[in-house]
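The following explanation is meant to be read alongside the sequence and the coordinates. Please keep both in view while reading.

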Amino acid sequence: MTLIHQVEHCDTMADVRRNIDALDTRIVALMAERSGYIAEAARIKQNADQVHDQARIDFIVNRVTAMAKAQGAPEAIIEAAYRAMIDASIEFEHGEFKRLRQEGSTP
């Protein structure tokens, strides 16, 4: 596997963990931003049946696995991570959809 992105050479597990922790900081910030758009989707959609969109799920999974392949990343890890994130996002969006309508918010 040849990664497009350079990975810093690590001499110790402390080096590995420091780099992973730094990446996690960036990943969580991006996931928080992504979740904000999920909340926007819950506000915009007109009915709860629109929350689960299999065609969109398939598009996202195909897109990110192709990106993983192009970047030399393990496709199975990317696919599994995205499927888990999408499942959790759907649950979050259902909750937001319900909360917004119970509060009488205007979508």
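**Salt bridges, helices and a pocket**

The side chains of Arg-18 and Asp-15 form a salt bridge, with N and O 3.7 Å apart; the term denotes a side-chain nitrogen of Lys or Arg within 4 Å of a carboxyl oxygen of Asp or Glu. The model is predicted, so local features require pLDDT of at least 70 and side-chain atom pairs count only at pLDDT 80 or more, whereas totals for chains, interfaces and linings use all residues. Residues are numbered from 1 along each chain as its sequence is written, and side-chain values use heavy atoms, with hydrogens and water left out.

Both Arg-18 and Asp-15 belong to helix 1, where they lie 3 residues apart, about one turn of the helix. Helices here are DSSP runs (H or I, at least four residues), numbered from the N terminus. An α-helix has 3.6 residues a turn, so residues three or four places apart point the same way. Arg-18 is partly exposed, its relative accessible area being 45%. On this scale, buried means under 20% relative accessible area, exposed over 50%, and partly exposed in between, for a 1.4 Å probe and protein chains only. Asp-15 and Arg-18 also join Glu-8 in a network of salt bridges. By the stated rule, the count of salt bridges comes to 7.

Another of these pairs is found in helix 3. Glu-79 forms a salt bridge with Arg-83, the closest N and O atoms being 2.9 Å apart. The two residues are 4 residues apart in helix 3 and are therefore separated by about one helical turn. Glu-79 is partly exposed, with a relative accessible area of 30%, and Arg-83 is likewise partly exposed, at 36% relative accessibility. A further salt bridge joins Glu-103 to Arg-99, with 3.0 Å between the closest N and O atoms. Here Glu-103 counts as exposed, at 51% relative accessibility, while Arg-99 counts as partly exposed, at 32%.

Helix 1 covers residues 13-44; its 32 residues reach 46 Å from the first C-alpha to the last, close to the 46 Å expected at 1.5 Å a residue. The expected span is 1.5 Å times one less than the number of residues in the helix. Helix 3 is followed by Gly-104, whose phi is positive, near 75°.

Which residues of helix 1 are buried? They are Ile-38, Ala-39 and Ala-42, and the buried residues of helix 1 pack against helix 3 (75-102). In helix 3, the buried residues are Met-85, Ile-86, Ser-89, Ile-90, Glu-93, Glu-96, Phe-97 and Leu-100; the buried residues of this helix pack against helix 1 and helix 2. Glu-96 has a relative accessibility of 14%. Not counting residues up to four places away in sequence, Glu-96 touches Ala-39 and Ala-42, where contact means heavy atoms within 4.5 Å.

Thr-65 lies in helix 2 and is buried, with a relative accessible area of 13%. Leaving aside residues up to four places away in sequence, Thr-65 touches Glu-75 and Glu-79. Ala-68 is also found in helix 2 and counts as buried at 4% relative accessibility. With the same exclusion of residues up to four places away, Ala-68 touches Ala-73, Glu-75 and Ile-78. The C-alpha atoms of Ala-68 and Arg-43, which are 25 residues apart along the chain, are separated by 31 Å.

The last topic is the largest pocket. About 1900 Å³ of space lies in this pocket. Of the 44 residues that line the largest pocket, those closest to its centre are Ile-27, Leu-30, Ile-78, Tyr-82 and Met-85. On a 1 Å grid over the protein atoms alone, a pocket is an open set of points where a 1.4 Å probe fits, with protein on both sides within 12 Å along at least five of seven lines, and lining residues have an atom within 4 Å of a point. Grid points are joined across faces, edges and corners, and the volume is the space filled by probe spheres set on the points.

Helix 1, helix 2 (54-71) and helix 3 each supply at least two residues of the lining, and helix 1 gives the most, with 14 residues. The lining divides into 29 nonpolar, 5 polar and 10 charged residues. In this grouping, Ala, Val, Leu, Ile, Met, Phe, Trp, Tyr, Cys and Pro count as nonpolar, Asp, Glu, Lys and Arg as charged, and the others, Gly among them, as polar.
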